[in-house]
Every structure is written in structure tokens, then in C-alpha cells.
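Visitor: Please put the model on screen. I would like to go through a helix pair and a loop residue.

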Amino acid sequence: MKKIHSLAEFSRFQKTWSARKNGDPTVVVSSGTCGQARGSEDVIIAFEKVLSRRGKRPQFDFKVTGCHGFCEVEPIVRIEPRGIFYQRVTPADVEEIISETIGEGKIVDRLLFRDPVTGEKCLRAKDIPFYRKQKLLISGNNMRINPARIEDYLEAGGYAALAKVLKGVKPERLIDEVKKAGLRGRGGGGFFAWKKWESCRNAHGKIKYVICNADEGDPGAYMDRSLLEGNPHSILEGMLIGAYAIGVSEGYIYVRREYPLAIQNVETAIEQARKLGLLGRNILGTGFSFDVKIAIGGGAFVCGESTALMSSIEGKRGEPRAKYVHTVEKGLWNRPSNLNNVETWANVPLIINKGAKWYSKIGTEGSKGTKIFSLVGKINNTGLVEVPMGITLREIIFDIGGGIPDGKKFKAVQTGGPSGGCLPESLLDLSVDFDRLSEVGSMMGSGGMIVMDETTCMVDLAKYFLNFLLDESCGMCFPCREGLDQLLTIVTAITVGKGKPEDLQLLQEIGGMMKDASLCALGRTAPNPLLSTMRYFQDEYEAHILKKKCPAGVCKALICYEIWKDKCAGCAACAKLCPEKAISGAKNRPHEIDPAKCIKCGICKDTCKYGAIQVI
Amino acid sequence: MLNITINGAEVKAQEGATILEVARDYGFYIPTLCYLEGHDSYGACRLCIVEIGEGSRRRVVTSCNYPVEEGLSVQTDTKKIIGHRKLLIELILSRAPNSKTLQDLASYYGVEKIRFKNKNDDCILCGKCVRMCNEQMQSGAIGFVGRGKNLKISTPFSKANEVCRNCGACMYICPMVEVQCRGPKTTGDLCNGCLRVTPTCVEVYDRQMCYVEDCGTCVRPGSKPTGGKSQKK
């Protein structure tokens, strides 16, 4: 591909791409990290085998893309332009798809998605309830673009926003456009993007930086990974536009080492953009120069915090510093730096293409646009969902997510990752936006959404998050390090039945102090999972402390397994599997568990066909 | 010069100075553990927190690295700040319960018991030595290793290195390198004797008993001073 030297040349080039379409059907296979984990690579090999075969076979184009969002049913194969959606495809299905669907236009019935509620089969993606309420503005292109080919992105209208901006939009007008759009940072803070851009533009200094924060460390959150893997050019384009608005010529993408595919795809994207003259010196002959480097992180959670991230790029320990002098004035190497999250950058080209007016119509008063959530945990449809701001939690969990598996009851949803909070059933009708979530003691965070059913113990959950945060805290400031350590000690004591009534007061006290006195956002939000569970599930804490019982039957020290004599058929299935040989009894007679031997692993309960084993 | 108010008093401050520097210049006491004059402020101990602003915009900041600005209103000892400091002192004390520096700080703030399990560590990870070594001595022989609970200060790979000139500046600056308090070792008790003008122990023992094995016997609830070793003499 040849370098493009001017804007006029670019628009000619664009037209050739949009005109290039043949009638052949296209087979699209999703192969993000989630798809690969479920065997999409084997499916791709099977398709390639057919493609390389000589002789008569149906003609079709073949495309490998990033994640399509519905990770539960990966690997997904779509047949465009009809939009047929095949799920859980195995290499064995490939021949049939080619001969039946592509050759004869017939549908392979068993590969279609079946709506678990109505039992109806869904032919296309938009028929599936999971996709029906979504608004795929940012992640939609993931389904159309092969991330390793810049041509695909151009075909989908990519870099048009950049060309539009470079045609002579003044940087101040550009910032104004982002202001009118009401774009807020998607990384967690929800800070207005335009404010950062403007202060960074006005900050003194010749050399400035724009940084893309792709250090996504929340357990169970992976929307940034999916965007980087599936559509890296949209992030580059966003950064280019931001750089133009702020007046910057250097940028960094800070991505964690745990995302090898994302790193690979971004590297390819940068290389291709450079070759095409969309990155580097004198972009499209306009005199504007900008280039991006990739900084690879070591996987510390705290490096997602902006100042720690900058320390890390500088080659120092990933330690946050006080932000009394903002990073837009003194950031990376003490120079003005504007840092935004992956998803924020991906929103920028959209705003420029469609206009701030259109964009600001989506969402709520204070929060505009869409947000991608990763819906995980005890939920039927695991995956990435992109929804307009203001949608209710109930819609996300029950309409899109398909509710809780195995007919269990919903208990809580944890939003915002380890720094967010747990919201109970009574708040399911809460509209999801930055302000509402922080009002109820949680936060938007980067968009993790972990659903829990009745078998989750909230005290145990708080313990898990405290443990995670203590592990991931940089350990620099005293409230976070010592505070978390003591919180964990106290909560652990509660889960083993050694809690005291006055502990609750002490937990509140430490949590409150940490919120005020910690250095960075990690420490200030670290007590959130604990405080929110204490606020909404106080009865559970009290049961642990006063009655020494775990209502959810999770905390091993507080539970006991028992066989219900009326129900036990004496099949001895449990006795065979018990690793401690704690179950005994005569054949066809009710068995018994020896509590002294029982290690409470729960295997017997899972095995019992009669439901005769109960936790008390 | 900038005009700011500290605890209601109008004072003048040099541009670029931090709240802590200005406050100390004017004699307002703000406790610190990790602050090291003439070095980068680290902001780790958080004891120097103060409240700035008025009304709904009031917020907690660390004074050691907050640069003063025109019209700034600072409160160094509000109810919230004192409460947080007390809890912080308690938390740090649980890490190094025998440090005289921390015990004195506790006495000053009236922290009389520790509700946490003692960890009996000596280092509180204030990082003064690291900054001393890097910035003043230009050596960089020691640094932070690990993170979270496992954070420690050490030489690279915990081995002796030739960069270290054995200057001892790290020890000179360490707030924990002092003769340790031999006071109560059990969780919970703090004698708070050292800072009192007439420590209770003087009445019984005829001299202050800090640093001595029996320290703290006088204040343990329900226990009467029953002839420690020193008394027998």
C-alpha cells in the first residue's frame, strides 16, 4: 500500500475502498481472546483448509474479526450479507456451513441460537435478545473489521473523522465539539474529556503527550481488551484527533502484558497507519505530526491509575503521586500529559463523524453516549454489552443478560470492579450512569459488572476484594496498606466465626478514614466493596457475627453438611466420592456424615441426585 | 507573596511553598513521619492531612505536597482530621508498637489503646532512607521492593552492593532507629507515660520507667504496681 500525501488523495482513496464490493457471501469468524479460548482458531483452520482446496467449491470471502460481544456462545460464525448468526461452531460444522448455507442458501438449524425463554430460534444477531437492547456504536465495528487489515477499517469509514478534522477544523472548535457532546472519561472517574483537553492545551510546555490507558486490571472486565483486539485503528484515530486538538505530537498506549493479542494487533495497526501516512510526520500533507509508542505494563493493577501509569512509562516503580498539580500540567516526565481510557478514545471519531448534537441525544442528562459493560458472573449470557447510558440494571441483567442460570435467585450486582460497590435487588431499577451509581455507593468504574446469585456470601465477597486490593496496592501510603491489611484481618475473622459486634463500627471507621486520607483513587475507593455490602447486606454480617452462621452456606467455618434421612436413598454415590471418607452407612439405608472428618468441600452435595444433603 | 489563612489566622506565604512549610514557619503543629525537609515530598504517611476550602468544597489534602495558592483557607485540626490522624497512628503503631517516636505521637494525640493485632515490625516504610540515599547521597543503593503487604525496603536482590558507601545517612534519618520502648507487648495496651509531665510511674518507682522492662505496669487496668525488678532494688 502506498503512502498518502494529501487530503485530496485520501478522499479519492476512500472512495475506491467504499466502491470495492463483490457479491460473494462473507464468512466472518470471531476470534478475540474469548473466541480463541473456546476454539475459534480450529474453526479458522477448518475454513482455510476449504479455501485452499482446489476444484469446484462455493465462492465466499473469509474474514477473521475480534470479539462480537456474546462470549457465552463463542466461537461465532456469521454469514454476511444475510447476517446469519451461527453459535458454538466446531471445526466439524464447517463443511456443512459451506455446502448448505453458502452453496445452497439453506440454514443449518442446530447452529442457530435458541431463545431460552420463548424457545424460538434466532436467525440473525438482531433477533437474539442479547443484542436487541444493545446500541453497538463503539463495538459494532468489531464484527466487520479484521483488525490486522487497515483496509477493513477504511472500508467501514475509518479515518474519515481524522480527515474531516485535518481539513481545517480549529483545535478550539474541536474541543468545543467534544464539550457539546458531553463525553466523559470511561476509565472510571467520569471526568469530562474536554476539560482535560483544554487544560492540557493551555498548559505551558513545548512537548506534551497524549496517553491511552489500556491497563485494564479489574477482575472480570475486558471491554478495553476487546476494543484493542478488534478495532485498534479506532483508538489510534481517536488519539490522533485528540492530539490535534491539544497540540501534541507524541503519544503512548500503555497496555498490559497479559493482553498479547491486543499488543500484537495494536502494533500491526500502528505499522500500517505509518505506512499509509496516517501516523508520523506531516500526516496527509497537512503539516500535523503525531506518532504513537506502545508501553507494555507488567500487570500491576495500580498502574491503571494515571500517575502510577506515568511513573511506569518513565521506567520507575508504578507508584501514584499526589494530583494537586494535575497531570495535564505536570504528567509524564513532568510535561503536560492528557490521559484517556481506550473506550474514551474510541468514542472520539464517532463524535466527529456524527456530530456532537447527535451524540448528546444518547444517554442521560449528565452522562452521554453508550457504555460497554462486561457482564460476567452468575449470568446466562456472559459477554460484552454496549448500552446507552441511563438503561436500568434490570434491563442489562435480565433482558440482555438473560437472568440467573439454574433458576437461582438474583442477589447482588457488583459494578465498577474492585473499587465499586455491590448493589442489591432493591436497586435493580436504578438507571446506570456516572452520577446515579456513585449516589448509591458504587461507581461506573471501567464497566465491570459481576452478577451474583443467592449462593454468594457477601462477607466472603468483601474478603475476596480486600485480598485482591491488598495484593495490588502499591503499599506506599499508610491508610491503604495498613488499613486494608487490618480490614482483611477483621473480615477474615468474621468469616471464621471470630467476629465481634464492635468490629462493624471499626470497619466503618477505617473505611471512612481510607476514603479521605488515601493518596490515590485505589486507596480512596478500596473500602467500597466492604462498605457497600455492609450497607445493603447488614443482616448477613450480623448473622456471621452474632449467630455464627453463614446464610449463603459459603464460609466453611460456619457451615455443616448434613444428610436428610427422609430423602437419602442410600445410593452411596456421595460416599464413593468423599475425599475424606467421612460418609458411611449401610447399602440402601440413609447415610451419615462424620462432622469430625468432613472438610466441607461440598462434593457430596453436588453429587446427590435426591437433594438429600443440606448445608446448615 | 500569597495571602492564605491557617486556622483562621491570616498569614503570608511564598509562592511555590507547601502548606506544611508555611504552617511550620508560623508555628502551627502538623505531625509528619515521612516528610524530609529539602527532599521530594512523598506523601505516604498521610499524618499531615489538613482540610482546605470552605463549605461544600471542603476537602482533605496532605499539606506536605499541596502548593499554597492565593486565598487558600486551611484548617489543620478539625474533628475529622484529628479522628483520622488518631486512627492512622493506631494503625501504624500496630505495625511497630515499640517505636518511641510512634508512642510519643500516640500520647500527644491521646491514643490510649490499639485495637489491632500487633505485627511487631520495625520499619514503617516511610521511605525517608530511600529519598536520602537517592537525592542527598546520590547513591541509589536502596529502594522499595515488592508491593502491597509485601512491600519492603532493600538493596537490589537483597544483596550487599558496591553502590552503597556505608555512609549511614539512612540510619541517621530513620524515625524508627531509636532505643525501643520496652512497654507493654500485649495487644491493646499503651502506657502513654513518656510524654506526660509527671508520669504516673514516678510516683511509684521514683523515676520514669520508659525503656525499662516493667514499663506500663502502672497503667494496666486493674493491675497495681507489684514490685517489678527495679522496685525490689
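Visitor: What is the handedness of the crossing of α20(A) and α22(A)?

Guide: This is a predicted model, in which local features need pLDDT of at least 70, side-chain atom pairs count only at pLDDT 80 or more, and totals for chains, interfaces and linings use all residues. Residues are numbered from 1 along each chain as its sequence is written, with chains lettered from A and ligands numbered from 1 in the order in which they are written. A crossing is left-handed if the near helix is turned anticlockwise from the far one by less than a right angle, and right-handed if clockwise. For α20(A) and α22(A), the crossing is left-handed.

Visitor: Which residues of α22(A) does α20(A) meet?

Guide: Contact requires C-beta atoms, placed from the backbone, to lie within 7 Å. From α20(A) come Leu504(A), Leu507(A) and Gly511(A). Their partners in α22(A) are Leu530(A), Leu531(A) and Met534(A).

Visitor: Is Thr18(B) buried or exposed?

Guide: Thr18(B) sits in the loop between β2 (9–13) and α1 (19–25) of chain B; helices (H or I, at least four residues) and strands (E, at least two) are DSSP runs, numbered from the N terminus. A residue is buried if 20 or more other C-beta atoms, placed from the backbone, lie within 10 Å of its own, exposed if 12 or fewer, and partly exposed in between. Because Thr18(B) has 20 C-beta neighbours inside 10 Å, Thr18(B) counts as buried.

Visitor: What separates the C-alpha atoms of Thr18(B) and Val68(B)?

Guide: Leaving aside neighbours within four places in sequence, Thr18(B) has contacts including Ser41(B), Cys64(B) and Val68(B). Thr18(B) and Val68(B) are 50 residues apart along the chain, and their C-alpha atoms are separated by 5.5 Å.

How values were computed: Contact = placed C-beta atoms within 7 Å.
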